[in-house]
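The report below describes a set of paired strands and a metal site. Please keep the sequence and the structure at hand while reading.

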Amino acid sequence: MHKPQIILGIETSCDETAAAVVQNTGHGVQMLSNVVASSASVQAKYGGIIPEQAAREQLKSIIPVVEESLRQAQCKSDDLDAIAVTEGPGLIGSLLVGVETAKVLSTVWQKPLVPVNHLIGHFYANWIGSIPTFPAVGLLVSGGHTDLVLFTGHGRFKYLGGTRDDAAGEAFDKTARLLGLPYPGGPVISKLAEKGNPQAFKLPRPMIDSDDFDFSFSGLKTAVASVVNKWELGVGSSKTTNNEQRTQNLAASIEAAIIDVLAAKTIKAVQTYKVDQILVAGGVAANQQLAETLHSVVQKNLSHVKLFIPPPYLCTDNAAYIATAAFFNYHPVNPLNLQANPNLSLQHNSCV
Ligand code: KG4
Ligand code: ZN
């Protein structure tokens, strides 16, 4: 099969409309453009994502975003070797916009169409500007997923475990909401946490010592709800801390609780499977405290291990990692047969 050199990626799984043109030089992957239009500010007004609203925003943005990605890359459709698109998981209305657009472009421009699992795609942000090798433990921390996998090659991995209830991103978003903070909660909590004391509140670290690679974050949400309820009743507010300070302290305590569990399970997976590379991916990987904690744990206990964390703008949803994933998992399909799949999981593609 002819090896593609330039791929247009399209990603519309949630509230970001993204298109990117990525080039594989044979010595690594380079972004020629990476355009993201987010409707998060629209969703913020409602305190979370309203699926139909997100789909309508996708429809408004998709053509301008694809055009802009080609313009910035100084590419014409003729220069493209293939089109990659997120097939799932995600919100069906949002996914359909990207998938149907990609099917039309692939048919009209006569370019191969490569579907990409959004969850696997996230990991490929680590291949932009770097070249990780295998085997590697992968930690995916996004808004809807928290999973640990053992990669043995491109598209080859074993599923180790995942969250039994809320994802790490969801834990940030839901606790932020309890505190009356805007959506998405992760960046807001982490900003407040910079000025807070992570030991101020004793929050649970669910399943941190469990004998598996699973996670559970819903207990954390309940613990935070109980602190906030007490505040509302005027209980537990100390004379020495003002409202702003106690919110910062609670934010820092929430962030620390989430990070402690993520770091502990990731290190356990590395030790169990004796690998020397870690790939972190997903929106929560943009969290600087998570990056610092993982770096320091690795440096202290596992100095031979190489830790890959993409720069924050490549952690949150974008199409550059979708196009990059397609280079390394190049399996074109007949555009007429591709269906958006909102329920696609990591297990779906799991094989070793
Ligand atoms: O991967 P992503 O962009 O979308 C999904 O595929 O879900 O992840 C979005 C999640 C949201 O829950 C958001 O709060 C979280 O990533 N997030 C962060 C940070 N930036 C985004 N969480 C913690 N710290 C951050 N700096
Ligand atoms: Zn994502």
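A hairpin of four residues leads from β1 to β2, and in this predicted model the two strands, of which β1 covers residues 6-11, run antiparallel and are joined by six bridges. Strands here are DSSP runs of E with at least two residues, helices are runs of H or I with at least four, and both are numbered from the N terminus; two strands count as paired if DSSP finds at least two bridges between them. Within this pair, I7 has V22 of β2 as its bridge partner.

Strand β2 (residues 16-24) is also joined to β3 (residues 29-38), again antiparallel, by nine bridges, and A18 stands opposite V36 in β3. The hairpin of β2 and β3 has four residues between the strands, and G26 takes a positive phi near 95° there. Strand β2 is mostly covered, since eight of its nine residues are buried, where buried means under 20% relative accessible area, exposed over 50% and partly exposed in between, with a 1.4 Å probe and protein chains only.

| Strand pair | Bridges | Direction |
|---|---|---|
| β1 and β2 | six bridges | antiparallel |
| β2 and β3 | nine bridges | antiparallel |
| β9 and β10 | three bridges | parallel |

The last pair belongs to an open sheet of five strands with mixed pairing, in the order β8-β7-β6-β9-β10. Because β8 (156-162) and β10 (306-308) stand at the edges with a single partner strand each, one side of each is left without a neighbour in the sheet. Neighbouring strands of this sheet are turned by 20° against each other on average, direction ignored, the axes being lines fitted to C-alpha atoms (for helices over the stretch in contact) and angles running from 0 to 180 degrees between N-to-C directions. In β10, L307 is the bridge partner of I278, and β9 itself spans residues 277-281.

Turning to the metal, the zinc ion (ligand 2) is coordinated by H118 (NE2), H122 (NE2) and D317 (OD) at 2.0 to 2.1 Å; donors are N, O and S atoms within 2.8 Å of the metal (3.2 Å for Na, K and Ca), and sites may look incomplete because water is not among the atoms. The site is tetrahedral, with angles of 97 to 134° among its four donor atoms; for four donors this term requires all angles to lie between 85 and 135 degrees. The donor residues are spaced H-x3-H-x194-D in sequence. H118 and H122 both lie in helix α4 (residues 118-123), four residues apart, about one turn of the helix, and both are buried.

Residues are numbered from 1 along each chain as its sequence is written, while chains are lettered from A and ligands numbered from 1 in the order in which they are written. Local features need pLDDT of at least 70, side-chain atom pairs count only at pLDDT 80 or more, and totals for chains, interfaces and linings use all residues, while side-chain values use heavy atoms, with hydrogens and water left out.

Technical notes: Tetrahedral: all angles 85-135°; square planar, octahedral: opposite > 155°, others 65-115°.
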